[in-house]
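This report describes a predicted model.

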Amino acid sequence: MAQRAVWLISHEPGTPLCGTVRFSRRYPTVEKRARVFNGASYVPIPEDGPFLKALLFELRLLDDDKDFVESRDSCSRINKTSIYGLLIGGEELWPVVAFLKNDIIYACVPLVEQTLSPRPPLISVSGVSQGFEFLFGIQDFLYSGQKNDSELNTKLSQLPDLLLQACPFGTLLDANLKNSLDNTNFASVTQPQKQPAWKTGTYKGKPQVSISITEKVKSMQYDKQGIADTWQVVGTVTCKCDLEGIMPNVTISLNLPTNGSPLQDILVHPCVTSLDSAILTSSSIDAMDDSAFSGPYKFPLTPPLESFNLCYYTSQVPVPPILGFYQLKEEEVQLRITINLKLHESVKNNFEFCEAHIPFYNRGPITHLEYKTSFGQLEVFREKSLLIWIIGQKFPKSMEISLSGTVTFGAKSHEKQPFDPICIGETAYLKLHFRILDYTLTGCYADQHSVQVFASGKPKINRKLISSDYYIWNSKAPAPVTYGSLLL
Amino acid sequence: MGPLSRDAWAQRLGAFRASPSAFMAGPEGEDLGRDLLGDLRSENLSEQTKVSLLALSLEYPAQLWPDVSAAEVAATSLLDTLVLLPPRPSALRRPLLLAATTALAAGGALGPTSGASCRLLPLLLGLAAGSDLGRGFVPASEQRPLQATACECLRELESCKPGLLGGSLGLLRGLLGQEGPVQPLSLLLALALRNTLVLQSRVGAGLGGLLTDKVPPTGGGPWDWTLVEEGDGRLQPQAPSWPAAEEGEGERSLTAREHSPEEARELRAAVIQLLDTSYLLTPVAQAQLLWLLGWALRGLQGQPPALFKPQLVRLLGTAQLTLLHAVLALKAAFGEALFTAQDEALLLRRLTLAAQHPALPPPTHLFYLHCLLSFPENWPLGPEGEEAAPLLLGPQLCRGLLPSLLHDPMALLARLHLLCLLCAEDEEEEKGQLPSPRHYLEELLAGLRQRAALDEGPRALATVCFQASYLVTRCLAGQPTVLTPLIHGLAQLYRVRPMLASHFVDFLDQVDSELREPLKVVLRQEVVSRPGRDEALCWHLKMLAKVADGDAQSATLNFLQAAAAHCTNWDLQQGLLRVCRALLRAGVRGGLVDLLQVLARQLEDPDGRDHARLYYILLAHLAGPKLGVALGPSLAPPALASSLVAENQGFVAALMVQEAPALVRLSVGSHGVKGPLPVLKLQPEALEPIYSLELRFRVEGQLYAPLEAVHVPCLCPGRPARPLLLPLQPRCPAPARLDVHALYTTSTGLTCHAHLPPLFVNFADLFLPFPKPPGGAGLGFFEELWDSCLPEGAESRVWCPLGPQGLEGLVSHHLEPFVVVAQPPTSYYVAIHLPPNSKLLLRLEAALADGVPVALRTDDWAVLPLAGDYLRGLAAAL
């Protein structure tokens, strides 16, 4: 259960190599074991240059997509996980765990403690999940609070020292690199006994617990016979517990109002010490009924020092917060669009912002627009072939707004206008972006009674609802559906 | 060289990291390891620079110190540097310990004879135990971190040399119970415990007092290497892959091994101690602990897996990949013993929801999806090692895991696989159920094809479409309700976007003939039913070269004739010729002759004309099978990466005689003695079917007249062949060696030439009888011959040894046809005619028990020694 090497590579399309190795670390003692375990099927870890090239090729990140290349494009080369075999110098290096996020490719090679031919199933290789966790940990560290390139560079330069703490020999000790950073900084503090490994120090000061509930709502609305609209709420509860003592015990409860939508698919932070079986089994996979567990959802825990995601959940609310309908028709040279949006009366009509993005893909720039709107303003991004309908902070009293008009496009020029493989012909969508503060769609809340801790102090609690992937499709054309939409 | 400055080192390290192999091959490479060790003690360098030097040694010890002795020297030097550090806090102690450990472990120097090992191990154990090492060796502020580091170093050494810490189990356990840092000690103890269990059970020993003995093994004395040596230094998988573990020797012997109640109790207590404090470990470390303990206790008597149960609920609730993965490992290790059917169902549900939970990142989804399809079921039904949907994962659970066009390619393919598995199971279910997975699959494939058909679409869209189609054909082979629409959908895709021809060709290469043949037919129709003059002509030709065969000849030829006029550049002409070639191979002749003649005249490019002419000549002169071979894939690897060279080499290979290993064997059978000439009877035997075999013989030394070749139309292995008769015309009566060559055609149509092992014609093979004298005149006839030999000839007496069968047996076996006068069992007169015109006469009389004196006469001196040898060898030849 160890890693042979780890890399961070920045993806730089348009440059000769299309990328640069920003960081790499090899673990020679693990490599020595790999050589023994893998036997004749052993393939050594390559130097950075060849690795970079092979990885970018495999991930299709080189700019030479033009021609059919069998070793990449053949229909039988099917990859169904983020774990690859890289052809390097005629040999295949496997398994390479790799994924691209924010233009950085995270990659590592876990040790497989047996021969590689035949390949063992991934599920039986312990280093694979560790490799993922390692890379996610690095990703969290690089992007937590990072705002610009120079901060990223600073963090990258800290990595060698951090990995000396968090992964000195290739076996990951802590995926939370922030802990290692604190460890380095506070090495002189003598730690008391039975200190959890995930808590690097103790808090001194006024006790304070902050809880933040963020719900994202996504939706697919079709307004079509035979296809059901779908929507789902995904909640994240983030906590920061500033409490004295080595292992303070805290219980945080999430509550629902009487008609609230039950929380489902709950995943908790490892610091939660026990879990009610009702929480464990409440799942969106089952058909909903009235007997669904509706809280309170109690989470006894021993909090770490830093802010952490106490739990994630999903929920199926009875109606989408905004019901939309979108029609788009091609009329000779122009498109005629009609849009109606209706805010549900139960939803708090007080947005931080609310806007509808209406993109037109696979067409030229917008040359002419005539429109009429009952509410809000329309911004036109001609070159990007995009309309943004700014609805603002509130829907009008009627809760219903509309926009209609015609759009004309110029000739296509491939560089500027966006290509989309789905929005072909009249297939089109509009996407809602909104945020409502101090509100959750499920009704989920926490209050000062929700936090039981052997210390006084009022918890700080905030809530918000954000849209995410909120699509309303043109009802006059085919649209991509999920299997769930067909289950009426 | 004196100590380098900080900048010089920074530059040097940068150059090294850019390409270690290039740097080591350069002028500075050799000294790097030595300089690094030296400069660690330099007072001019900052600690930060020294840490970066140590960091390099942690990554590249094999480059810096390439052999065992260099590694030993390096580790010694690093330890010296550590000891020499002034007694104040320093950032170097940790990396120095890590570097010394790495140098020893990676350099292969770790062992009882290594001085550095014998210094490092007690030092590490002392640090791990938090003992006072004296002389202010460890400043108080560093004690705790160094204790953890020492544990990590020991763990790495134990990983590389299992059994190293077998003697320290009790000590480690004691430390864990007291004030020691929980995580490093837990992981170290778990690993050492696991390795000890495996090693002890292999040699049939118990744990003894290892778990309770709290005295450090060294106690000032030498380190105890016995357990390491018992394990032969073999590495132990810490978390063995499942199938491997099933067969693993260590696991089996672990099962067989019984511990005393005392040992079992101590072991259980140690495991419970580890598990009870496991929540203090980071999630990744908890996962390691579970893998280690799970596989350590698997099959161990007296250790109920229920020990793990209290941890499971807590673990099942988390979103941590490593923790859920570790639970799956426990599931695989213990199966029903730890997970009831209900537990199994719950685990599957958690896995199913984790595989689609919007809060988790996509790579995690994909891994969980893989885990679902490889789920270690309590009672698996399908074949092992193949991805399949677990029995409890019904359509209801899968609902959220099905693909849609909005997924990225990897998620789409992974989910598509699941959908295919559902469709395969759904086969018998009643129709009319909405939405049927199969219908959904069809819609999805249609959507993928629509995307692939987009003019400006990136190649990745086409690739994923073909990958999906391939996956479907693999999973749902034999289901015409799926394959028929797929074939027509693909044909339609080709019609819209012929530039995907390369993908189609690849697809045809990969799929089974069940799909390939009908798809070829519709694709050929797609191509030939259209006028061949648009910009897609090059793709059509590429496609046609793949799908053209003997069927629909006239349509294909018409298309080509029409296309020929538009093939104005070299590329297109080559494409056209490739189709002609494919037709030639398929055995099309009629209209093709005309087309090739036209092409040989009309093509603008001389190379194209030459090729057309060549094909025409081949078509006109070669029989079908031969043509097929000539145009088949080249046998010789092309010397140049040029299609023309490759093609020509292919012709050369196919049209010329190949030197080949002999596929036919010849053996000499019993010789016949009829007729005027000696005849060699040969028994041929073929190793593969061969045709038109011609055997050519050459007599060495021209002892016989030249031999005629022998022809055999066909030889098959296992089918008895008639013996071949080879008449010999000796020029003198002497044995000879025949050189044999074979020329034949293989079943693939190649003509081969092979040199066979030589055949030997023995002296006796030349024997012919004299014509029989009239009845009763035998003695007179013999005496006449006997007398005629002298005086020109020669006379001799030879002792012919007899075997147990006596004289009668000898004569009947060897000389029967040549006996002129016989008075069994005592006297035989033998007359042998040796072509061309010699005679050999033998009188065998007055046999004794072990031999018979033979009087012999011949009219040819040269025969005498041959006859002597022959007679002396007769007894042995029986």
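## Chain A: domains and overall form

The secondary structure of chain A consists of seven helices and 21 strands. The C-alpha trace of chain A extends over about 70 × 65 × 45 Å along its principal axes. Chain A has 488 residues, of which 55% count as buried. When contacts in chain A between residues at least 6 apart in sequence are considered, 73% of them join residues at least 24 apart.

## The interface between chain A and chain B

The size of an interface is often expressed as the accessible area lost when the parts come together. For chain A and chain B, the area buried between them is about 9600 Å², with 65% of it on carbon and sulfur atoms. Ile123(A), Ile285(A) and Tyr483(A) contribute 9% of the area that chain A buries against chain B, more than any other three residues. In terms of residues, 104 from chain A are in contact with 117 from chain B.

Polar contacts between chain A and chain B number 32 residue pairs, both residues being at pLDDT 80 or more. The side of chain A that touches chain B comprises 55 nonpolar, 26 polar and 23 charged residues. Between chain A and chain B the count of salt bridges is one. Glu156(B) forms a salt bridge with Arg33(A), and their closest N and O atoms are 2.3 Å apart.

## Domains 1 and 2 of chain B

Chain B is divided into domain 1 (263-377), domain 2 (400-425 + 435-530), domain 3 (549-630), domain 4 (654-764) and domain 5 (767-874). The centres of domain 1 of chain B and domain 2 of chain B, taken over C-alpha atoms, are separated by 39 Å. Seven residues from domain 1 of chain B and nine residues from domain 2 of chain B take part in the contact.

Domain 1 of chain B and domain 2 of chain B bury about 640 Å² between them, and 81% of this area is on carbon and sulfur atoms. On the domain 1 side, Leu366(B), Leu369(B) and Leu373(B) lose the most area to domain 2 of chain B, together 69% of what that side buries. Between domain 1 of chain B and domain 2 of chain B there are zero salt bridges and zero residue pairs in polar contact, counting pairs with both residues at pLDDT 80 or more. Helix H20 (residues 362-373) of chain B supplies four residues, the largest share of the side of domain 1 of chain B that touches domain 2 of chain B. By class, that side has five nonpolar, two polar and no charged residues.

Is Thr49(B) buried or exposed? Thr49(B) is buried, because its relative accessible area is 8%, below the 20% cut-off for that class. Thr49(B) belongs to helix H4 (residues 47-59) of chain B.

The side chain of Thr49(B) is in polar contact with the side chain of Ser46(B), at 2.9 Å. With neighbours within four places in sequence set aside, Thr49(B) is in contact with Arg6(B) and Trp9(B).

Terms used
Residues are numbered from 1 along each chain as its sequence is written. Chains are lettered from A and ligands numbered from 1 in the order in which they are written. Side-chain values use heavy atoms; hydrogens and water are left out. Helices (H or I, at least four residues) and strands (E, at least two) are DSSP runs, numbered from the N terminus. Buried means under 20% relative accessible area, exposed over 50%, partly exposed in between (1.4 Å probe, protein chains only). A polar contact is a pair of N or O atoms within 3.5 Å; within protein, one must be able to donate a hydrogen and the other to accept it, and residues adjacent in sequence count only if both atoms are side-chain atoms. Contact means heavy atoms within 4.5 Å. Buried area is the accessible area (1.4 Å probe) that two parts lose on being put together, summed over both. A salt bridge is a side-chain nitrogen of Lys or Arg within 4 Å of a carboxyl oxygen of Asp or Glu. Ala, Val, Leu, Ile, Met, Phe, Trp, Tyr, Cys and Pro count as nonpolar, Asp, Glu, Lys and Arg as charged, and the others, Gly among them, as polar. Domain bounds come from an automatic or database domain assignment.
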